[in-house]
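Let's take a walk through a protein model together, one group of contacts after another. Keep the picture beside you and look up each residue as it comes along.

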Amino acid sequence: MSAFAVTHGHHHNHHNHHHSASAPILNASVPAPVTPALPMTQQQMGRNASISTTTATATATASAAANTSPSTTQHVPSGLVAGLSRWSILHGRRELPMIPGIKSIHIYDFDNTLFQTPQPNPRLWNFHTVGQLQQQEFFANGGWWHDSRILSAIGEGVEKEEENAWEGWWNEKIVDLVVLSMANKDTLKVLLTGRSTKGFSEIIERMVKAKKLDFDMICLKPEASPEGEPFQNTMHFKQALLTKILETYVHAEDLKIYEDRAKHVTAFEKFFAEYNATLARLGRKPLAANVVQVLEQIKYLDPLKESIEIVRLLNEHNEIARGQENVSPRLQPLILKKHVFFTAYKLSEVDSAVLLAAYPIPQLGDIHTLANIIMITPRKAHPSVLQKAGGLGNEIEFEVISTGVWQDRIWAVTVRPVDPKAKCYTDTPKPIIVLGHRRGVKPQEANLIKRWTEVEEGSRFKFKAVVWEKKSLRIEGEDSRLEGQGTNNNYGNNNYNGGHYQHNQHHNNHFHHHHNNYHQGGYGHHERGGAHGQGGNVGHEGGGGAPGGYHRGGGGGMGGRGRGRRNFYHSNSGDNQRPGVPRPRKWDS
């Protein structure tokens, strides 16, 4: 799938509207390749071929009728348009354009195409739970994508966000395309989403109206079509609607769909290939169909709001699961557990960047850049340790007092509280920030640095850091009592990369098999025990998605729309310097 520049050079030429005829990816920078979809089943392929054949045949019939006479042209559209209108939540309030006047059809997906819909935060939930939250079957009352209250929790809430038209949450590039579509009177404009009509009609219409976007049709997925046909899944619904649109607007010469999900892009391309093949057999001119993949832009809810909404979902699920009317063995009560990887003083992203600018390290391909925590303890801190550190959320101002490097393998600085009376505690003799290390080197090897170079009194970088736990929340079955080695705090191997911290520990001469990985650009969790049997997951916050690892036992795998993103910032230039921050300096080893 080729890249392209987003242009609108005509809006008067129906054959070149919006883009080239290829299926591109909309992105501000470099487009990502389309991941091939899994092969469709024979049943699905048969259904799609049937849809294409039926549509093409009906289109040819309607087209012939429309070209017979002016009176026939007026008679045929009325029934077809009225039938199509029933698929839209605007039915009865918005008249669809007449058939002969439509030459182009533009269809826009909603989630992560037109609107930057928040997704479960992988920094809040463990990898497996991120997948579970997005599975409709996991909760009795629906999951992340099936509860309108998740969408309503965006920003400052519906009432406040409506006043500002949900500013900052739209994909403005796609909004611009919709506005250009709106300017064309010969273009049918459709908003198409797999969200349910029952749960999301009101909120989505309010969002679109607040943004002043004008669609001829706003189509959400009902339980069945207006003719009573049940839908097997979202793609079945979307293809059925496409069929109805093409049966109606027979004079349309081109059609464009904007979609974020690679699997859906592939399915649409297959649908139109079969449709055009049928048209060719009927001697009809093919439809210029263009499926445009839009690269999603990841956003998250406020962590506190997200936690509250998921706890509410959990409680409602448990009420149903424990109710007398529950006869499904699948519906089991669920519990929420917190897993703490380590406790540290956490720097802000800005301070981390300035620290790296002040004390730059070699920029080589095998060096991990860190500079964002002062390790307190590589596990969940005991209450007595937390008390010594000032408690969770306690903010302390630190200053850099020396720099050091060990064998050109690991770079670090030592720090101390600016206020000597401030509560401060670390397991190590002196508080250390690991700025970076070569691949294969453990961050705790910074303790091997013997030669520290003192920073001059007047040029010590000062910053604030907060007592913080690197943790994740996970959901598991209430009847799961196998805490296993994977849920205690005696970590066999605990990696934090961003800051990449590894801790090997033997407890009573027994190695506890537990392995947790977290690094900027990546996150993983490999556990034994718990609700999901013996298994593990590996995911990446910095790649093009979160691939599931292996999983033995119960529980569900990765599902829904989970995607990953790169989520770190640093600068190695002096451009971000603050007053009093030393200029970049050379390292002494």
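We can begin with the rings: the structure holds 14 aromatic pairs. In one of them, the ring centres of Phe 115 and Trp 170 are 4.9 Å apart and the planes stand at 85°, so this pair is edge-to-face. Phe 115 sits in the loop between β2 and α3 (127-133), while Trp 170 sits in the loop between α5 (158-163) and α6, so the pair ties together parts that are 55 residues apart in sequence. Both Phe 115 and Trp 170 are buried. Please keep in mind that you are looking at a predicted model.

Trp 170 leads us towards helix α6, since its loop lies between α5 and α6. Which residues of α6 are buried? Ile 174, Val 175, Leu 177, Val 178 and Ser 181 are. Around the axis they cover an arc of only 160°, which puts them on the same side of α6.

Glu 172, in helix α6 (residues 172-182), and Lys 211, in the loop between α7 and β4, tie together parts that are 39 residues apart in sequence. The closest N and O atoms of Lys 211 and Glu 172 are 3.0 Å apart. Lys 211 is partly exposed, with a relative accessible area of 22%, and Glu 172 is partly exposed too, at 36%.

How many salt bridges are there? The count comes to 31. Another one joins Arg 94 to Asp 214, whose closest N and O atoms are 2.6 Å apart. Arg 94 belongs to the loop between α2 (70-85) and β2 (104-109), and Asp 214 to the loop between α7 (197-210) and β4 (217-221), so this pair ties together parts that are 120 residues apart in sequence. Arg 94 is partly exposed at 24% relative accessibility, and Asp 214 is partly exposed at 36%.

Next, find Lys 244 and Glu 227, which form a salt bridge with their closest N and O atoms 3.6 Å apart. Lys 244 is in helix α8 (residues 234-248) and Glu 227 is in the loop between β4 and α8, so the parts tied together are 17 residues apart in sequence. Glu 227 counts as partly exposed, at 47% relative accessibility. Elsewhere, salt bridges that share partners join Asp 147, Arg 149, Glu 309, Arg 312 and Glu 316 into one network.

Helix α8 also contains Glu 247, which is buried with a relative accessible area of 15%. The C-alpha atoms of Glu 247 and Val 81 are separated by 9.8 Å, although the two residues are 166 places apart along the chain.

Now turn to the strands. Strand β7 (residues 334-347) and strand β14 (residues 462-477) run antiparallel and are joined by 13 bridges. Ile 335 stands opposite Glu 476 in β14, and Lys 346 stands opposite Val 466. Val 466 is also the bridge partner of Glu 395; here strand β10 (residues 395-406) pairs with β14 in the antiparallel sense over 5 bridges. Lys 346 has a partner in β9 too, namely Ile 373, and 4 bridges join β7 to β9 (residues 373-377), again antiparallel. Of the 14 residues of β7, 10 are buried, so this strand is largely enclosed by the rest of the structure.

Our last stop is Glu 469, in strand β14. Glu 469 is buried, with a relative accessible area of 6%. Its side chain makes a polar contact of 3.4 Å with the side chain of Lys 338. Beyond its sequence neighbours up to four places away, Glu 469 touches Lys 338, Val 340, Phe 342, Thr 343, Lys 380 and Leu 392.

Technical notes
Residues numbered from 1 in each chain as written. Predicted model: local features only at pLDDT ≥ 70, side-chain atom pairs only at ≥ 80, totals over all residues. Heavy atoms only, no water. Salt bridge = Lys/Arg side-chain N within 4 Å of Asp/Glu carboxyl O. Helix = DSSP H or I, 4+ residues; strand = E, 2+ residues; numbered from the N terminus. Buried < 20%, exposed > 50% of the residue type's maximum accessible area, 1.4 Å probe, protein only. Pairing = 2+ DSSP bridges. Polar contact = N/O pair within 3.5 Å; in protein donor to acceptor, adjacent residues only side chain to side chain. Contact = heavy atoms within 4.5 Å. Arc of directions from axis to C-beta. Phe/Tyr/Trp six-rings, centres within 6.5 Å; stacked < 30°, edge-to-face > 60°.
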